[in-house]
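Trainee: I have just opened this entry and would like to learn how to read it. Could you walk me through it, one feature at a time?

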Amino acid sequence: DYGFDSTLTNTSGVAVTNDVVFAAGQTQAKINVHVVNDITQQTRPRRAQVSLVSSANYLLDPELAEVTLVDNDLPLVSIIALDPRAAEASGYGTNTGAFLIRREGSTDGALGVYFQIGGTASHEVDYVLRRADENPTIPIDLRLLYPGSNTLVLPVTPLPDSSYEGDETVTISLVAHPESYVVATNATSAT
(Lines give C-alpha, C1' and ligand atoms only; values in the text may rest on other atoms or scores of the structure.)
Protein backbone atom coordinates (compact mmCIF):
# COMPACT_ATOMS: atom_id res chain seq x y z
CA ASP A 1 0.00 0.00 0.00
CA TYR A 2 1.02 3.61 -0.48
CA GLY A 3 -0.58 6.84 0.67
CA PHE A 4 -1.23 10.30 -0.78
CA ASP A 5 -1.77 13.55 1.13
CA SER A 6 -4.70 14.34 -1.13
CA THR A 7 -6.96 12.53 -3.57
CA LEU A 8 -5.35 12.10 -6.97
CA THR A 9 -7.11 11.31 -10.21
CA ASN A 10 -5.92 9.81 -13.44
CA THR A 11 -6.21 11.57 -16.80
CA SER A 12 -9.85 10.37 -17.08
CA GLY A 13 -10.72 11.96 -13.72
CA VAL A 14 -11.02 8.59 -11.92
CA ALA A 15 -9.60 8.43 -8.39
CA VAL A 16 -6.27 6.64 -8.10
CA THR A 17 -6.27 3.58 -5.85
CA ASN A 18 -3.52 3.05 -3.36
CA ASP A 19 -2.69 -0.59 -4.00
CA VAL A 20 0.23 -1.95 -5.96
CA VAL A 21 0.30 -5.70 -6.54
CA PHE A 22 3.58 -7.41 -7.37
CA ALA A 23 3.58 -10.51 -9.52
CA ALA A 24 5.83 -13.42 -8.51
CA GLY A 25 9.45 -12.39 -9.16
CA GLN A 26 8.58 -8.71 -9.72
CA THR A 27 10.90 -6.38 -7.75
CA GLN A 28 9.55 -2.95 -8.62
CA ALA A 29 6.38 -1.18 -9.70
CA LYS A 30 5.98 2.08 -11.53
CA ILE A 31 3.46 4.70 -10.39
CA ASN A 32 2.96 7.24 -13.18
CA VAL A 33 2.39 10.90 -12.30
CA HIS A 34 0.58 12.71 -15.11
CA VAL A 35 0.85 16.50 -14.90
CA VAL A 36 -2.08 18.61 -16.07
CA ASN A 37 -0.98 21.69 -18.00
CA ASP A 38 -2.79 24.82 -16.86
CA ILE A 39 -2.37 28.57 -17.37
CA THR A 40 -1.67 29.36 -13.72
CA GLN A 41 1.93 30.32 -13.00
CA GLN A 42 3.06 28.70 -9.76
CA THR A 43 5.38 30.75 -7.56
CA ARG A 44 7.09 27.71 -6.06
CA PRO A 45 7.70 24.15 -7.22
CA ARG A 46 4.91 21.65 -6.60
CA ARG A 47 5.68 18.13 -5.52
CA ALA A 48 3.87 14.80 -5.62
CA GLN A 49 4.91 12.53 -2.77
CA VAL A 50 4.16 8.87 -2.33
CA SER A 51 4.75 7.28 1.05
CA LEU A 52 4.74 3.55 1.58
CA VAL A 53 2.62 2.05 4.32
CA SER A 54 4.42 -0.50 6.49
CA SER A 55 3.32 -4.11 6.57
CA ALA A 56 4.50 -7.37 8.10
CA ASN A 57 4.74 -8.71 4.52
CA TYR A 58 7.70 -6.48 3.44
CA LEU A 59 10.47 -4.10 4.52
CA LEU A 60 10.48 -0.43 3.51
CA ASP A 61 13.52 1.25 1.98
CA PRO A 62 12.99 4.16 1.43
CA GLU A 63 9.54 4.99 2.80
CA LEU A 64 8.99 8.17 0.77
CA ALA A 65 9.41 9.03 -2.91
CA GLU A 66 8.94 12.50 -4.38
CA VAL A 67 8.47 13.90 -7.87
CA THR A 68 8.92 17.65 -8.51
CA LEU A 69 6.39 19.11 -10.95
CA VAL A 70 8.01 21.75 -13.14
CA ASP A 71 5.73 24.56 -14.29
CA ASN A 72 6.24 25.59 -17.91
CA ASP A 73 4.26 28.84 -17.69
CA LEU A 74 6.14 32.08 -18.32
CA PRO A 75 6.55 34.65 -15.55
CA LEU A 76 3.92 37.38 -15.34
CA VAL A 77 5.41 40.90 -15.25
CA SER A 78 3.67 44.09 -14.06
CA ILE A 79 4.59 47.67 -13.19
CA ILE A 80 3.21 50.28 -10.79
CA ALA A 81 4.20 53.80 -9.80
CA LEU A 82 5.65 53.08 -6.35
CA ASP A 83 6.37 56.75 -5.59
CA PRO A 84 4.50 58.87 -8.17
CA ARG A 85 5.91 62.26 -7.04
CA ALA A 86 9.43 63.47 -7.83
CA ALA A 87 10.82 67.00 -7.55
CA GLU A 88 13.96 68.84 -8.61
CA ALA A 89 16.45 69.77 -5.93
CA SER A 90 15.40 72.51 -3.55
CA GLY A 91 16.67 73.59 -0.16
CA TYR A 92 15.64 70.10 1.05
CA GLY A 93 17.38 68.06 -1.65
CA THR A 94 16.02 66.03 -4.56
CA ASN A 95 12.84 64.01 -4.11
CA THR A 96 13.10 60.89 -6.28
CA GLY A 97 10.12 59.02 -7.66
CA ALA A 98 10.07 55.29 -8.34
CA PHE A 99 8.44 52.57 -10.39
CA LEU A 100 8.18 48.98 -9.18
CA ILE A 101 8.55 46.14 -11.67
CA ARG A 102 7.28 42.82 -10.31
CA ARG A 103 7.37 39.28 -11.61
CA GLU A 104 5.13 36.42 -10.53
CA GLY A 105 6.39 32.92 -11.06
CA SER A 106 9.76 31.27 -10.81
CA THR A 107 12.68 33.40 -9.62
CA ASP A 108 15.25 30.69 -10.41
CA GLY A 109 16.96 32.66 -13.16
CA ALA A 110 17.61 36.24 -14.20
CA LEU A 111 14.86 37.90 -16.24
CA GLY A 112 15.43 40.83 -18.57
CA VAL A 113 12.36 43.12 -18.66
CA TYR A 114 11.99 45.55 -21.55
CA PHE A 115 9.99 48.77 -21.49
CA GLN A 116 9.34 52.00 -23.38
CA ILE A 117 9.87 55.41 -21.85
CA GLY A 118 7.29 58.13 -22.49
CA GLY A 119 5.64 61.14 -20.92
CA THR A 120 6.19 64.88 -21.22
CA ALA A 121 9.58 64.91 -19.42
CA SER A 122 12.74 64.07 -21.38
CA HIS A 123 15.09 61.35 -20.20
CA GLU A 124 18.61 62.62 -19.37
CA VAL A 125 17.37 66.23 -19.75
CA ASP A 126 14.70 66.38 -17.02
CA TYR A 127 15.44 63.12 -15.16
CA VAL A 128 17.48 59.89 -15.16
CA LEU A 129 16.28 56.35 -14.56
CA ARG A 130 19.58 54.90 -13.34
CA ARG A 131 20.77 54.41 -9.80
CA ALA A 132 24.28 55.70 -9.18
CA ASP A 133 25.59 52.12 -8.82
CA GLU A 134 24.01 50.82 -12.06
CA ASN A 135 26.09 49.74 -15.03
CA PRO A 136 25.79 52.53 -17.65
CA THR A 137 26.35 50.05 -20.51
CA ILE A 138 22.97 48.34 -19.90
CA PRO A 139 20.40 49.76 -22.34
CA ILE A 140 18.11 52.30 -20.68
CA ASP A 141 14.99 50.34 -21.73
CA LEU A 142 16.09 47.05 -20.11
CA ARG A 143 16.33 46.04 -16.46
CA LEU A 144 17.32 42.71 -14.96
CA LEU A 145 15.48 40.92 -12.20
CA TYR A 146 18.22 38.80 -10.66
CA PRO A 147 17.82 35.18 -9.54
CA GLY A 148 15.88 35.00 -6.29
CA SER A 149 14.31 38.44 -6.79
CA ASN A 150 10.73 39.07 -7.83
CA THR A 151 10.81 42.90 -7.67
CA LEU A 152 12.94 45.73 -8.98
CA VAL A 153 12.70 49.40 -8.03
CA LEU A 154 13.34 51.76 -10.94
CA PRO A 155 14.18 55.19 -9.49
CA VAL A 156 13.27 58.44 -11.25
CA THR A 157 15.80 61.12 -10.27
CA PRO A 158 14.94 64.66 -11.45
CA LEU A 159 17.79 66.74 -12.88
CA PRO A 160 17.86 70.36 -11.70
CA ASP A 161 17.66 73.17 -14.23
CA SER A 162 17.15 76.91 -14.03
CA SER A 163 13.97 77.21 -16.11
CA TYR A 164 10.44 76.69 -14.86
CA GLU A 165 8.67 74.01 -16.92
CA GLY A 166 5.66 73.15 -14.80
CA ASP A 167 4.74 69.56 -13.90
CA GLU A 168 5.95 66.91 -16.32
CA THR A 169 5.27 63.17 -16.51
CA VAL A 170 7.35 60.02 -16.92
CA THR A 171 5.55 56.94 -18.23
CA ILE A 172 7.04 53.46 -18.32
CA SER A 173 5.23 50.92 -20.53
CA LEU A 174 6.27 47.27 -20.36
CA VAL A 175 7.03 45.62 -23.68
CA ALA A 176 5.84 42.04 -24.14
CA HIS A 177 8.58 39.48 -24.69
CA PRO A 178 6.64 36.30 -25.64
CA GLU A 179 9.55 33.90 -25.29
CA SER A 180 10.54 35.20 -21.83
CA TYR A 181 7.53 36.64 -19.97
CA VAL A 182 3.92 37.78 -20.19
CA VAL A 183 2.85 41.34 -19.33
CA ALA A 184 -0.06 41.60 -16.90
CA THR A 185 -2.99 43.16 -18.75
CA ASN A 186 -3.97 45.41 -15.84
CA ALA A 187 -0.47 46.76 -15.19
CA THR A 188 1.24 47.40 -18.52
CA SER A 189 2.25 50.99 -17.81
CA ALA A 190 2.59 53.50 -14.99
CA THR A 191 3.06 57.28 -14.76
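This is a predicted model: local features need pLDDT of at least 70, side-chain atom pairs count only at pLDDT 80 or more; totals for chains, interfaces and linings use all residues.

Trainee: Is Ala121 buried or exposed?

Mentor: The classes rest on relative accessible area: buried is under 20%, exposed is over 50%, and partly exposed lies in between, with a 1.4 Å probe and protein chains only. Ala121 has a relative accessible area of 11%, so it is buried.

Trainee: Which residues does Ala121 touch?

Mentor: A contact means heavy atoms within 4.5 Å. Not counting residues up to four places away in sequence, Ala121 touches Asp126, Tyr127, Glu168, Thr169 and Val170. Ala121 and Thr171 are 50 residues apart in sequence, with their C-alpha atoms 9.0 Å apart in space.

Trainee: What about phi: which value does Glu124 have?

Mentor: Most residues other than glycine have a negative phi. Glu124 is not a glycine, yet its phi is positive, near 65 degrees. Glu124 is found in the loop between β8 and β9. Glu124 counts as exposed because its relative accessibility is 55%.

Trainee: And where is the place of Phe22?

Mentor: Phe22 lies in the loop between β1 (2-3) and β2 (46-52). With a relative accessible area of 45%, Phe22 is partly exposed. Leaving aside neighbours within four places in sequence, Phe22 is in contact with Thr27, Gln28 and Ala29.

Trainee: Now the whole chain. How many helices and strands are there?

Mentor: The chain has 0 helices and 14 strands. Of its 191 residues, 22% are buried. Among contacts with a separation of 6 or more, 63% join residues 24 or more positions apart. The chain exposes about 13,000 Å², and carbon and sulfur atoms supply 52% of that area; such areas come from the Shrake-Rupley method with a 1.4 Å probe, and for residues only the protein chains shown count as cover.

Trainee: How do I read a sheet, and in what order do the strands of the open sheet come?

Mentor: Strands of a sheet pair through backbone hydrogen bonds, either parallel or antiparallel. Two strands count as paired if DSSP finds at least two bridges between them. Here 5 strands form an open sheet in the order β9-β11-β7-β4-β13, with mixed pairing. The edge strands are β9 (127-128) and β13 (182-183), each of which pairs on one side only.

Trainee: Which strands pair with β4?

Mentor: Strand β4 (residues 76-83) is joined to β7 by 7 bridges, and the two run antiparallel. Val77 stands opposite Arg103 in β7. Next along, β7 (residues 97-104) and β11 (residues 151-158) pair in the antiparallel sense over 6 bridges, and Ile101 stands opposite Leu152 in β11.

Trainee: Which strands does β8 pair with?

Mentor: Strand β8 runs antiparallel to β10 (residues 142-145), with 4 bridges, and Tyr114 has Leu142 as its bridge partner in β10. Strand β8 also runs antiparallel to β12 (residues 171-174), again with 4 bridges; in β12, the bridge partner of Phe115 is Leu174.

Trainee: Finally, what is the volume of the second largest pocket?

Mentor: On a 1 Å grid over the protein atoms alone, a pocket is an open set of points where a 1.4 Å probe fits, with protein on both sides within 12 Å along at least five of seven lines; lining residues have an atom within 4 Å of a point. Grid points are joined across faces, edges and corners, and a volume is the space filled by probe spheres set on the points. The second largest pocket has a volume of about 610 Å³. Of its 25 lining residues, the closest to the centre are Ala86, Ala87, Asp167, Glu168 and Thr169. Strand β7 gives the largest share of the lining, 3 residues.

Note on methods:
Residues are numbered from 1 along each chain as its sequence is written. Side-chain values use heavy atoms; hydrogens and water are left out.
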